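Trainee: I am new to this structure and would like to know what stands behind the terms used for it.
Mentor: Then ask about one term at a time.

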Amino acid sequence: MSINPTARAWVEIDLDALRANYESIRRAVGPGTALIPMVKADAYGLGCDRVVRALEPLQPWGYGVATAEEGIRIRELGVSRPILVFSPLLPEAIEAAARARLTACISDLGELGHLAAVAERTPGGLDFHVEIDTGMGRAGFRWDAVGGWAPAVVARLSDALRWTGVYTHFYDADGPSLAPSFEQWERFERTIERLPVPRDSLLVHAARSAAVFRDRTFDADAVRPGIYLYGGHPAPELGDDVVPPPRPVVALRARLLLVRDVPAGATVGYGATHVADAPERWGTIGIGYGDGLRRCLGNRGHAIVRGVKVPLIGRISMDLSVVDLTAVPTARVGDVVTLIGDDGDATISLEDVAALADTISYEILTGLAPRLPRVELPHGDDR
Ligand SMILES: *Cc1c(COP(=O)(O)O)cnc(C)c1O
C-alpha cells in the first residue's frame, strides 16, 4: 500500500490482472477466434498506451477505438496491427485516419464515398468494415435494407478500397434473456447471406464482453471485449455462474489528510447533510468529484481504512471528502484510503460503486479524472 507515497489520490492498475482477463477470454473463445481488444476512451480510463503495451505481447488480431485520434495515437506507438474505428467518421477526419492506415467502420454510402476518394490517393489503399444495424440503432446499414445498400457498396470497391469485415453490436447481451441477441444474430446472419461478396473474404464479428461468455454462437471470426479486460463484470445482475468474474484491474485510493475529533452537533460538508449525533472522529481524504468520485456517494458510499469499511459522510466536494473514522481509532494522517478495491479482508468492488451511483462500471472507469495519476502495480504483485 506504500506504492505511491506522494500523491493525495491515485488509480492503481494491475496489468497482470488485465492480461489474465485477456487469457480468460482467449480460453473461452478458443484459439480459432480473433480478439479485438476495445481500447477506446483511453482504454476505459486506464491509459491506452499502457494497455496496448501490456497486450501487444499477447498478439491480439487488432484493436478497436472510437475516434481517429485514438487510432492515430496507437499507430504512433509503433503498432502495425489493424486498428478499427468503431464510430462514423466525419469527412474531415478521414484523411488523417487514412494516413495512419486505420480501418474505417462504414454505416452509410456518403461516408463510403468520402473514404473511396481518399483511398485512391492513399499508398497501399484502405480496408473498411461494414456495420449492420440489427437493432442498436445508433450506426450501421439497416439489416432489412441490404438489397439497397450492399450492391452500392460493392460498386465502390477497387484495388485501393477493400471490404474486409462486417459486424453488428448487441444491445442486450447483458440482459436476463438472450432472445434479443439471438434475434439480432439471426438478422445479422441473414444479411451476411445476402451480401454480394464471399463470406470468406470478410472478418465477421459481433460479441462484446457479455456475449463472449454467454453463447458460443456469437463468437464468429472475432470478438470485441472491452470492460471484461478492465475488470468490470459485463453482466453484474446475472451473477458469476453466467459470466465468470474478471480479476479486478483497477483500485482507487486516496490518503487521509486530516484526522480530528468532533463533538456532538458538528456538521460536515456543503448543506451540512451529516450531523454528529455523538462525539465522532472524522477523516478528510484528498479526493472528490473532481477526481471522478461520484458526488452521489456522499452519505451512501464507503471507503476502507486499515481494513475497516467506513462511511463517506456529508456531501462529496470537488477535491475533498470526509469519512467517519470513529470505528478506526488507529487511523493516522497519511493512511491509504480505498474507494474501489481491496484492503485487508474488506472489498469495495467496481460494481458496488456503480450500483450505488446508479450507473455501470464503464461510466465509473471512464469518469476517473486525468488529474489522478495512474500507478501500475509491479509485475508479479498479486496483492
Ligand atoms: C465498446 C464496444 C465494445 C466493447 O464492449 P464491452 O461491453 O466493454 O465489452 C464492443 N464493440 C463495440 C462496437 C463497442 O463500441
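**Terms and values**

Mentor: D14 forms a salt bridge with R247, and their closest N and O atoms are 3.9 Å apart. D14 sits in the loop between β1 (9-13) and α1 (15-29) and R247 in the loop between β10 (222-223) and β11, so the pair ties together parts that are 233 residues apart in sequence. The model is predicted: local features need pLDDT of at least 70, side-chain atom pairs count only at pLDDT 80 or more, and totals for chains, interfaces and linings use all residues. Residues are numbered from 1 along each chain as its sequence is written, and side-chain values use heavy atoms, with hydrogens and water left out.

Trainee: Why is the contact of D14 with R247 called a salt bridge?
Mentor: A salt bridge is a side-chain nitrogen of Lys or Arg within 4 Å of a carboxyl oxygen of Asp or Glu. The closest N and O atoms of D14 and R247 are 3.9 Å apart, so the pair meets that limit. The structure holds 21 salt bridges.

Trainee: Why is D14 called buried, and what is R247 called?
Mentor: Buried means under 20% relative accessible area, exposed means over 50%, and partly exposed is in between (1.4 Å probe, protein chains only). D14 has 8% relative accessibility, so D14 counts as buried. R247 has 38%, so R247 counts as partly exposed. Of the 383 residues of the protein, 54% count as buried.

Trainee: What makes R121 and E95 a salt bridge?
Mentor: Their side chains meet at 2.7 Å, N to O, which is within 4 Å. This pair links distant parts of the chain, with R121 in the loop between α6 (109-120) and β6 (126-133) and E95 in helix α5 (residues 91-99), 26 residues apart. R121 has a relative accessible area of 53%, so R121 is exposed. E95, at 33% relative accessibility, counts as partly exposed.

Trainee: How do you know that R142 and D144 form a salt bridge?
Mentor: The closest N and O atoms of R142 and D144 are 2.8 Å apart, and the limit is 4 Å. R142 is partly exposed, because its relative accessible area is 44%. D144 is partly exposed as well, at 42% relative accessibility. Elsewhere, R8, D291, D319 and R371 are linked in a network of salt bridges.

Trainee: What lines the largest pocket?
Mentor: A pocket is defined on a 1 Å grid over the protein atoms alone, as an open set of points where a 1.4 Å probe fits, with protein on both sides within 12 Å along at least five of seven lines; lining residues have an atom within 4 Å of a point. For the largest pocket there are 33 such residues, of which H169, D174, R208, I360 and Y362 lie nearest its centre. The elements that give two or more residues to this lining are α2 (40-44), α10 (350-356) and α11 (361-366). Of these, α10 gives the most, with three residues.

Trainee: Which residues are closest to the centre of the second largest pocket?
Mentor: They are R247, P248, V249, V250 and D342, out of 26 lining residues. R247 is also the partner of D14 in a salt bridge. β11 (250-262), β18 (336-343), β19 (346-348) and α10 each supply at least two residues of this lining.

Notes:
Helices (H or I, at least four residues) and strands (E, at least two) are DSSP runs, numbered from the N terminus.
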